[in-house]
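Open the model in your viewer and keep the selection panel at hand. Each stop below says what to pick and what is there.

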Amino acid sequence: MRSRLYPVFKYTVIALWACFVAGPFFWAMTTSFKNANAVQGGATYLPWAQYEPTLTGWRNIFGGAGGIDVIDPFINSAVVTIAASAISLALGSLAAYALSRYRFKLGFIKNSDIVFFFVSQRIMPPVVLVIPFFYLLQWGGLLDTIAGLVIVTVALLLPIAVWVMVDFFNGIPREIDEMAMLEGCPPFQTFVRAILPNSLPGLTVAAMFCAVFGWNDFFFAFRLTFTEVQTLPQAVVALNSSIPPWWTLSAAALFGVAPLILLALWVERLLSKGNLSGAVR
């Protein structure tokens, strides 16, 4: 009896969860093709049958009347995310390799404490960090600049890169390091020539996490930029008003999440081909 009910229960839970996850996307997709009358006329979901689809919402996010132009904010978000992720991966991989291969000890502080220190930077509420970041960027003349936002984003992404890569490097046999050193490679060349080529799965997963967190950041961009720099999440929120244009907000939200969906599909294809075997522990 239990064996017969288990598949029904399992697929019911999966179906409910799929509806819970896909429901908001479906609602946003249908709303993005409606006009004001269709949105205010009640819940409708079937185009042409229940409402006449229109591209007004999508035109509004590309400079249409009453909307915004999301191209510049999109470019700003892309530059900040790519630059911060690349710097975080480079610095995080070096730190993680050192923490994986060497033993550090200062009093009661050991390697595990240092790793926890990195992770703890993500535990602190953003509102605690924003004031020091504000004065730091103000002192350096980097408020409301792309460079300042990249520096702050690196500080947020570096713990993620260290956390993921330490665990991955711990799984790579130390014999690979020893063989490279026997051939005359110093530690840095060992890392670059022997360890990094075997770390592509871990680097890909760490890069995906960095890209997701960097792309979605709203709070620090909102507090540390004013008029010169605007990221995509800020542009989407700026559409909100006393009477929200739900059709334009939905189109902007879908446009903003599209790069992450494409990134997830690309990583999923690598996973399905086995190119990232060992990346998920």
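Predicted model: local features only at pLDDT ≥ 70, side-chain atom pairs only at ≥ 80, totals over all residues.

Residues are numbered from 1 along each chain as its sequence is written, and side-chain values use heavy atoms, without hydrogens or water.

**Stop 1: the largest pocket**

Select Thr-81, Ile-82, Ala-207, Ala-211 and Leu-263. Of the 19 lining residues, these are the closest to the centre of the largest pocket. About 310 Å³ of space lies there. On a 1 Å grid over the protein atoms alone, a pocket is an open set of points with protein on both sides within 12 Å along at least five of seven lines; a cavity is a set where a 1.4 Å probe fits but cannot get out; lining residues have an atom within 4 Å of a point. Volume is the space filled by probe spheres set on the points, which are joined across faces, edges and corners.

Now colour α4 (71–101), α10 (200–216) and α13 (246–273), which each give two or more residues to this lining. Helices are DSSP runs (H or I, at least four residues), numbered from the N terminus. The largest share, 7 residues, comes from α4. By class, the lining has 16 nonpolar, 3 polar and no charged residues.

**Stop 2: the largest cavity**

Select the lining residues, including Ser-77, Thr-81, Leu-149, Trp-215 and Asp-217. The largest cavity holds about 80 Å³. Its lining divides into 5 nonpolar, 5 polar and 1 charged.

**Stop 3: the nonpolar cores**

Select Leu-99, Val-162, Met-165, Val-166, Phe-169 and Ile-195. They have the most contacts inside the largest nonpolar core, which has 29 residues. Such a core is a set of buried Ala, Val, Leu, Ile, Met, Phe, Trp, Tyr and Cys residues joined through side-chain atoms within 4.5 Å; buried means under 20% relative accessible area with a 1.4 Å probe, protein chains only. α7 gives the largest share, 13 residues. Apart from this core lies another, of 16 residues, among them Ala-28, Ile-61, Val-70 and Ala-252.

**Stop 4: the salt bridge**

Which residue pairs with Asp-177? Select Arg-101: the closest N and O atoms are 3.0 Å apart. The rule asks for a side-chain nitrogen of Lys or Arg within 4 Å of a carboxyl oxygen of Asp or Glu. Asp-177 lies in α8 (residues 174–182) and Arg-101 in α4, so the pair ties together parts 76 residues apart in sequence. Asp-177 is buried at 5% relative accessibility, and Arg-101 is buried at 11%.

Definitions and conventions: Nonpolar A, V, L, I, M, F, W, Y, C, P; charged D, E, K, R; others polar. Buried < 20%, exposed > 50% of the residue type's maximum accessible area, 1.4 Å probe, protein only.
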